[in-house]
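Student: I would like a close look at the aromatic rings in this chain. Please put them in context as you go.

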Amino acid sequence: MDSNISIDLVFYNYLWYCYNIYDRLSKQPQNSLLKQQILLIWNSQLPSITMPTIIAENLSQNFVVSSDKTHSVFNIPIEKSENDDREYRLIKLANELEILLIHDPKTDKSAASMDVHVGDIHDPADLQGLSHFCEHLLFLGTSKYPKENDYFEYLNKHNGHGNAYTSAEDTNYYFEVGHEFLEGALDRFAQFFIHPLFNADCTEREIRAVDSEYKGYLQNDDWRKLQLEKSLCNPNHPFSQFGVGNLESLKEIPLKLGLDVREELMKHHKKYYSSNIMKLAVKIHYFEEPLDLLNKWVIEKFSEVENKSLQIPIPDGHPITKNELGNQISLKPVRDQHYVEITFPIPDQSSLYETKPFGFLSHIIGHEEKGSILSLLKKKGWANGLYSGPFYQCKGFELFKISIELTEEGFGHYEEVVEISFQFINMLRQLDPKEQERVFKEVQSIKAINFKFQEKSWSSYYVAGLSRQMQRPYPREWILSSPYLTRKYDPASIAEGLTYLRWDNCILTLSSKLLGELDKKERWFGTEYKIEPINEKLLKTLQSPTLHPELEVNPVNEFIPSNFEVNKQENTKPLEHPYLIKDTKLSRLWYKKDDRFWVPKVEAYFMLKTPISYTTPLHHVKTQLYVNMVNDSLTEFSYGASIAGLSYYFDSWREGIIIAVLGYNHKATHLLEKILERVKNFTIDPKRFAKIKAKLKRSYQNRLLNSPTSLCSYYASYIIGQNVWTIQEKLSVLDQIEYEDVQEFYPKLYRHMFFEGIVHGNANKSDAFEMMEIVERTLGSEELLPSQLISDRSTLLPVGKKYAYFKEVFDKKEINSAIHYCVQVGDKIDPQVRAKLYLVGQIASEPCFNQLRTKEQLGYSVYCYSNELVGAMEFRVVIQSEKDTIYLENRIEEFLKGLQETIESFSDKEYNRHVNALIERNLENDKNLREETRRYWRIIYSGYYEFNRVKIDTEYLRELKKSELLEFYKTYIHPKSSTQKKISIHLRSQNTKLINELNSIDVKKLHELISSQGFSDVTVEDLQGTIDTLKIQCVGLEQDEIESVKTDVIVTKIGSEVGMKVLEALGEMMNGLIEGKENQMPNGNLENKLDDSQKEKDEHKLSDENEIIDDIILFKTKMGLGPAPYPLFPLTSFYEK
């Protein structure tokens, strides 16, 4: 403890300890005297407690000591956007915790974020993943608030939520909550950094949770590639470590080394969780003198965070040294995709925040207009996309990458692709200084415009970003602006940056399923790879590349806006919805002038409805190919607009095509007109068509490799939707389509159409009319028949029926399965149904996570929500897990049974908290122009035009009684209800049988058997770790391969002699010769209503009430359909008055 902290603070801790005892005794009347004594001490001593004080000589620059000496205040104005109406105050407590206080007069929620400047590069080598594990366990109880779900329960009841993430050098915790509950949330939040419990009974469960999260990433190419790159870095640098963590790194390895993981975790927290390397950002809305009140709260709650005067260790050297440079890494991805990547080690750039040379180089190398690397590669048919920029920006080192998505032909020419990239870099070294400055000034201007008109975002995301920004070495007056502005043109720093982009200072990474002869596997994710020196011939070419004549820097950007007039009107009451200013048989146009945000931006969306775009899989795929070809052809033209803050959207949907322009309004109409001209008068390039067709095919095939929970969602949509084509149906017609077919087909899309759009933002009514007129004139469509405007419907489940659909996950190596348990309820246009079902979702959210994820450890991805279908609603519970999906369904139903009792147990106060939390969520204001537009667009797109639904639902919620909610729940959602309508989608791993067999092994019994044969050195943990490794190593293998891998793994991990005994015993157990224990059963202390015999009987058997869906088409044929969307109010009621 710092010497300047008063001894009263120690006593303050003791009082809190006493108060916790008091709180626990509060339900025991016999202890009333002890309670009174504790309260007497508390009330008499609390006023006399003094806070730690600032020592003047420790003051940071431009900070002044407060009058009470509890903190110092930054005394220079903080630079902010002209569009930012928030107030800021930067303070530093006596413990050196720097805090940014924010008053936002227009926000709906308060929020806070603490960034601790420690991440996975600070993990000990023998406990990799410890920082991530600390992030998980920190939430589960503190000395002051010992209940393990107290924090999330508090947030959930008060319209809030929280989360955290761990990166290489930061762990960031954040939350948002209803205004009046900020102090309570802050008090709970602060205790994570003062007195976390790290309960022993939670440790094992959260290690399992981290392991489940890790297993969810096993087939994710981004995670696989990242870990491979880390593993192949300088092994003496902590960047090379395994940051996610799993059962092996967090339990098995430490145990073998005699380490107590919980003790090591507490040491980690004690060592690194120091106030002087933490940054806190807190946002408040109301109260008189809000910053003063917030100032008081943070001093009271965070002064106790201990200051260890820690200097964060900066790793020596760079993750990429001369030993790694010049290597080529070839790896096989899970998905069918082809990439080549050039990685350059560069110095830490954090001190160059004024000039940002690599930000400039990222822009100029990554530009996509004529003359760019990408433009030339697309012309050759070798590439589809390119990214360039800094990667992993850490203290002491950074990486700069050029990543190119290749076509299959480009994969065969990857060396020439690399050569063209170096030709461009070499061209930059010889660039005319005036031309370089011209491009820089453009970039600088665009950044300044974007910062000037910066809009707000979600509260928790905003403070999370700020707390991390505060860790950067920006002058404190620039902590808001430095990430966005480039202040100085420094050609010397650009020239120095280019010196690092050299042929002898790089690593090549090649990724493709076409790669063969890969002789290695990465330890943690099992990625197949090969490492070898870069081809000598290629290196020689790269030393003096000849400039290709078509390469040049980006031209003058014609889309940079210069007119920012918004004609702001003071004291204007915002309109509640857009007006319908045009309503004909050909088109419908909605319009609203921005009256909330006053930014020079516009959002214009247009639906181009045509039934032929989706009538058959063939029509749909032709439409998608056409859309993709148009977007590909527009890249060079539209890229400048997107860089200048004006983007477009053009894509197909089930009822036609959607086109939109979004961003600065000055040149939005011009962009729309140019895009529509290309859309209507498009000539397909046969060579480019072949590349786009191949890319679409890979995209369809790769969707089948999505996560199990994503596939569950896909099949749920397919079963419930009236007219949905499967991925297989699309693939079946794709190969037969030639470019002539699409060229002949796409004009038919525009022969008969209905246009509906919205123009919202800094645009006059005449601008809106002009946009719609451009759409109508350019496309030249005739009217659709009224019957052609009827939208799709949803399948309605019969009352009292339960269905289950089973499908295997397509990826043979996917270890996880998933279930979506869907209960269909009522009609979405019924406000009473909406109010009740969304309230059920609000109440169920935290208990669902706490019970099924935290306590039962069913999987990392566990959640529930209320959802809207066409003509119906549903309540859905989602779990992704390596456990069997039938077991998961039974556990979901047990949770839903218990949820009724939870609601019944609510006091009026508890019930009203949930009601008010939902009302507050419904009434939240839009944060920016785009969010407001999308809200209107969703209402228009839905076809119901219910702009006042929030007001209506809120009125019902205010009157909704607990008894009415309970009756609704028992009637429609409870699994034992005779009127429940349920369908569950089970996506099962192809390895389910193997996983179930391994899960069924009684490890303790196996250990007893091995020990009885004289092998006492083998522990239960050794055996459990071996079985967990087998789960990962054996997935996707044939039976004979499994047996071989079993032998290798067991012998390697346990030893030859004992390993053979374990193999023999395992074989007997898995064949049923020794009775195995099913370890998927819930823990004995879990809250469920089945007795032990009933559990054993029912948990792995689907209820007989379920009807299995074997044929989806036959199932849908038998089901009824709900009503199609229709206007709930006469459209004339939305005409402008």
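Tutor: The chain averages a pLDDT of 91, and 92% of the residues score at least 70. Two stretches call for care. Where pLDDT is low, predicted coordinates should not be read in detail.

Now the rings. The count comes to 54 aromatic pairs. Take W937 and Y941: their ring centres are 6.5 Å apart and their planes meet at 50 degrees, so this pair is tilted. Edge-to-face would need over 60 degrees, and stacked would need under 30. Both residues sit in helix 30, which spans residues 929-942. W937 and Y941 are four residues apart there, so about one helical turn separates them. W937 is buried, at 8% relative accessible area. Y941 is partly exposed, at 39%.

Look next at the record for this region. UniProt, in an unreviewed entry, places "domain: Coenzyme PQQ synthesis protein F-like C-terminal lobe" at residues 839-937. That span is 63% helix and 19% strand, and its end C-alpha atoms lie 25 Å apart.

Move to another group of rings. Ring pairs link F139, Y151, F152, Y173, F175, F189, F192, F193 and Y273 into a cluster. For context, the unreviewed UniProt entry puts "domain: Peptidase M16 N-terminal" at residues 99-235. Over residues 99-235 the chain is 41% helix and 20% strand. The end C-alpha atoms of that span are 37 Å apart.

R188 lies over the face of Y154, 4.0 Å from the ring centre. R487 does likewise with W478, at 3.6 Å from the ring centre. The unreviewed UniProt entry gives residues 451-732 as "domain: Peptidase M16 middle/third". This span is 37% helix and 18% strand, with its end C-alpha atoms 48 Å apart.

F198 is not a glycine, yet its phi is positive, at about 45 degrees. Most residues other than glycine have a negative phi. F198 lies in the loop between helix 5 (182-191) and helix 6 (200-217). F198 is buried, at 2% relative accessibility.

S309 belongs to the loop between helix 10 (290-302) and strand 9 (327-331). S309 is partly exposed, with a relative accessible area of 46%.

Seven strands form an open sheet in the order 11-12-10-13-9-15-14, with mixed pairing. Strand 11 (383-394) and strand 14 (520-521) stand at the edges; each has a single partner strand, so one side of each lacks a neighbour in the sheet. Further in, strand 10 (residues 339-346) and strand 12 (residues 397-406) run antiparallel, joined by eight bridges. Within this pairing, P345 has L399 of strand 12 as its bridge partner.

Notes: Residues numbered from 1 in each chain as written. Predicted model: local features only at pLDDT ≥ 70, side-chain atom pairs only at ≥ 80, totals over all residues. Heavy atoms only, no water. UniProt positions renumbered as here; feature names shortened; annotations may be inferred. Helix = DSSP H or I, 4+ residues; strand = E, 2+ residues; numbered from the N terminus. Phe/Tyr/Trp six-rings, centres within 6.5 Å; stacked < 30°, edge-to-face > 60°. Buried < 20%, exposed > 50% of the residue type's maximum accessible area, 1.4 Å probe, protein only. Lys NZ or Arg CZ within 6 Å of the ring centre and 35° of its normal. pLDDT = per-residue confidence, 0-100. Pairing = 2+ DSSP bridges.
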